[in-house]
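Here is a friendly walk through a structure, written to be read with the coordinates open beside the text.

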Amino acid sequence: MFEWIKESLTVGNATVKYPFAPLELIPDSRGKPEHDALACIVCGACATACPPNALQMHLDLPNNNYIWQINYGRCIFCGRCEEVCPVKAIELTQEFELAVMSKDDMLETATYSLQRCALCNKQYAPSKEIDYLNSLLDSFAQNDEEVQRAKEQLSICPQCRRIAESANVKFICEQLERRA
Amino acid sequence: MDTQISDSKLVGADAGMASLGDAQAAQRSEVRSAMTRQSDVQAAAFQYGMQPEAFQYGMQPAAAPKDACASFNEAGNVGESHIFALRQKYPSAVLAVSRQSHDQLTVTVKREFLPESVEFLYYVRGGWLSVVVGNDERPITGNYSVNYVLSMEEADKCFIIVRTEVDADTLEFPSVTPKVPACVWGERELRDMFGLRPIGLPDERRLVLPDDWPNDLYPLRKDSMDYRYRPPMTTQTENYEFVHDDQGKETTVVPIGPMHITSDEPGHFRLFVEGEDIIDADYRLFYVHRGMEKVAESRLNYDNVTFLTDRICGICGYAHSVAYATSVENALGIQVPERAQIIRALCLEVERLHSHLLNIGLVCHFCGFDTGFYQFFRVRETSMELAELLTGSRKTYGLNLIGGVRRDVLGEQGKAIKSAIVKLRKDTQVLIDALIATPNFAGRTAGVGILDRKVARDYSPVGPTVRGSGYARDTRADHPFVGYKHLKVEARSYPGCDIQSRALVRIDEFFDSLDMIEQLLDIAAVGPVLTTDFNYQPHQYAIGFTEAPRGEDVHYSMLGDNQKLYRWRCKAATYSNWPVLRAMLKGNTIADAPLIVGSIDPCYSCTDRVTVVDVKKRSQKTVAYDQLERYCATRKHSPLKG
């Protein structure tokens, strides 16, 4: 009995001042993921990795859009999206006060346009993904024939590429002969 | 130890045996001599390492000399002695044997020999039932299968899965429950989930499915339903029959729950009382069935399931996550980096710290000693900070992937952990000393909620519940997994069989955990924490196991051919502990009931309302949480009046 009273008196106040003062967090604690819509290349790796499907990608073909969406109500702050993103476009912050008055406020979306095939005009990939690949190709020597060919291929859809490819058999044969 | 072996004609040969574990060597000498002669003949047969499919020798009639197996061999494989003994006892029962990992074997037996085989391994060979797994294997073998996972804990410690196939047309197999009572919940669940019929099962009530579920819809059959399907309700009334044995006395029923302020989890208890004394009790659970197994098999890929397993329990989720990850790793023979294994053990022990402090606090609370409850919760905060430090989340969430862990422990974190451990040890010791010296604590807990040793042996409870009845069974000591193989783990036990013993076990384990964390930090090897050097192979299976704070968690995973699990069965520790509760409640008073339920440390979920039943007036009234809160604060205008 007296031990307990003594303990209570010596310990003092165990509660913290939060929410009237900021809560002290451990440096690596995991909070709200922040999406950098400009850096994102719309590859969809995060949506594939997300365990609770908080991150989803929706295709909106009539409006030529690819919609990236996160639902903070479903997020479990595991950080798999951060782990798999190839361009660091999504990163976990330490923000944890995510309560909102309306469910819709938990959603955050980013809308990206789709690229149309240079030959058949069908949509086949997000424009930003194609831009990203083009910028990668730009870092190579521009007079290289293979780089030029890859850039041409990027601008057409997979189906047109197959058709173009079969027409290019002659070209490929010549390349092989030259290498040999 | 086993007369069946020593009487056999194989006895007499010896020598040539590889070095044995020193501790059990003496008691196993007879078995060993029987095994040894065979070892030379079969040396080649056992060089299979971790390749499960390479061990299907049982199907070949020409493989007769391979029947008897060496207990220990160069690959470190164990468990053959049990198969040998089973073949000796029932020569025609065993159809096939396959190995999943160095300490896991599956023995497929003839259907009619199933009860005898399980009984023999359970009672004669020192087995305890971990889990019963049903599997719809019709697309693979054409039949269903039932798997009884036994943890062999006397000689030659290992896991043995006794498997038998059940015909897809008759759906019948002989029930094991009359011989091994521990199987009762598992077989009731087989009826619910697969529609299999254990012939001779004494209790055929539903276990998992609610009363309003259609009779002919079996959720886990592969061809039954989509995981999002919600069938229309078939009835509006509860028709679950609560059983009791009045022992010739006139009893009154006291219902508790499904939502009740003292039961901490949605569960419905019926106490059959005479005056204050509980004559018998029955209960039903699964009010919060979440269908996780179905979701995992239908929607999630292998890595994603580790994050789902975190959410099985609000307290010991990490233990489930490790059990699941190791089950897949065992199935594929993945060598997880040493450092990852140490980190897993570290986090498991941190989880044990906060879980045990929670339960010790709750025991105070149930004794009506709320000062102690608040003091333990104050100290517990340090362990939550430890979890945050290690994983970035206060609840050790999201750390595992198949093949390792996602975060390393950095040098300065190690120092911070060590200083937190010192603080925890000091703070908790003060409280524990004061608690033990509090006369009310002993008065309320000693001799209350007795779990008889025989009942414990029959029903295979786990964790502090069984260790409080004098059985020192602890997965960390019996089957060292992840980082525990580097430690000397001693299973704690107390012989009192009462609530006090269970609390004392938890107190001891708490301090053991502190020591273990310090040791694990010291021995952590430098190196990678995650491996991706493996490929998924369809239909491989194995079990994974951990010692959660409440006892043994066991996960059974069979891989599929579509980047999803074919079958996943997870068994939480408390699943094994519920069936013995009936025996623990009998003979105590109503006032002790919450304390007894709390002493098995069932997994808690939030209760948000309370139903008050007036037995005299035969009326009941449900009070919403906000009404209750308002009344607690103001003590005016009771919600029960008017």
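In this predicted model, chain B holds an open sheet of three strands in the order 8-9-10, with antiparallel pairing. Strand 8 and strand 10 (277-284) of chain B stand at the edges with a single partner strand each, so one side of each has no neighbour in the sheet. From one strand to the next, the twist averages 25°.

Have a look at the pairing of strand 9 (residues 268-274) of chain B with strand 10 of chain B: the two run antiparallel and are joined by seven bridges. Within this pair, B:Phe269 stands opposite B:Tyr283 of strand 10, and B:Phe272 has B:Asp280 of strand 10 as its bridge partner. Strand 9 and strand 10 of chain B form a hairpin with two residues between them. B:Gly275, in the turn, has a positive phi of about 65°. Is strand 10 of chain B mostly covered or mostly open? Strand 10 of chain B is mostly covered, with six of its eight residues buried.

Strand 13 of chain B pairs with strand 14 (residues 551-559) of chain B over eight bridges in the antiparallel sense, and B:Gly544 has B:His555 of strand 14 as its bridge partner.

Strand 2 (residues 55-60) and strand 3 (residues 65-71) of chain A pair in the antiparallel sense over six bridges. A:Asp60 has A:Asn65 of strand 3 as its bridge partner. Strand 2 and strand 3 of chain A form a hairpin with four residues between them, and A:Asn64 in the turn has a positive phi of about 60°.

| Strand pair | Bridges | Sense |
|---|---|---|
| Strand 9 and strand 10, chain B | seven bridges | antiparallel |
| Strand 13 and strand 14, chain B | eight bridges | antiparallel |
| Strand 2 and strand 3, chain A | six bridges | antiparallel |

Now for a single residue. B:Tyr240 is found in the loop between strand 7 (197-199) and strand 8 (252-256) of chain B. Why does B:Tyr240 count as exposed? B:Tyr240 is exposed because 12 other C-beta atoms lie within 10 Å, and a residue is called exposed if the number is 12 or fewer. Leaving out residues up to four places away in sequence, B:Tyr240 touches B:Arg205, B:Asp211 and B:Arg284. The C-alpha atoms of B:Tyr240 and B:Arg206 are separated by 7.9 Å, although these residues are 34 residues apart along the chain.

Next come the helices. Helix 9 (residues 338-366) and helix 10 of chain B pack at an angle of about 165°, with their axes 8 Å apart. That makes helix 9 roughly antiparallel to helix 10 of chain B, and their crossing is left-handed. By class, the contact between helix 9 and helix 10 of chain B has 17 nonpolar, six polar and two charged residues.

Helix 10 of chain B leads on to the meeting of the two chains. There, 15 residues of chain B are in contact with 14 residues of chain A. On the side of chain B that touches chain A, the elements giving two or more residues are helix 7 (302-310), helix 10 (370-391) and helix 11 (411-436) of chain B. Helix 10 of chain B gives the most, with five residues. By class, this side of chain B divides into seven nonpolar, six polar and two charged residues.

Finally, step back to chain B as a whole. Its secondary structure comes to 20 helices and 17 strands. Buried residues make up 48% of the 642 residues in chain B. Of the contacts in chain B with a separation of 6 or more, 67% come from residues 24 or more positions apart.

Methods
Residues are numbered from 1 along each chain as its sequence is written. Chains are lettered from A and ligands numbered from 1 in the order in which they are written. This is a predicted model: local features need pLDDT of at least 70, side-chain atom pairs count only at pLDDT 80 or more; totals for chains, interfaces and linings use all residues. A residue is buried if 20 or more other C-beta atoms lie within 10 Å of its own, exposed if 12 or fewer, and partly exposed in between; C-beta atoms are placed from the backbone. Two residues are in contact if their C-beta atoms, placed from the backbone, lie within 7 Å. Two strands pair if DSSP finds at least two bridges between them. Axes are lines fitted to C-alpha atoms, for helices over the stretch in contact, and angles run from 0 to 180 degrees between N-to-C directions. Ala, Val, Leu, Ile, Met, Phe, Trp, Tyr, Cys and Pro count as nonpolar, Asp, Glu, Lys and Arg as charged, and the others, Gly among them, as polar. Angles under 35 degrees count as roughly parallel, over 145 as roughly antiparallel, 65 to 115 as roughly perpendicular and the rest as oblique. A crossing is left-handed if the near helix is turned anticlockwise from the far one by less than a right angle, and right-handed if clockwise.
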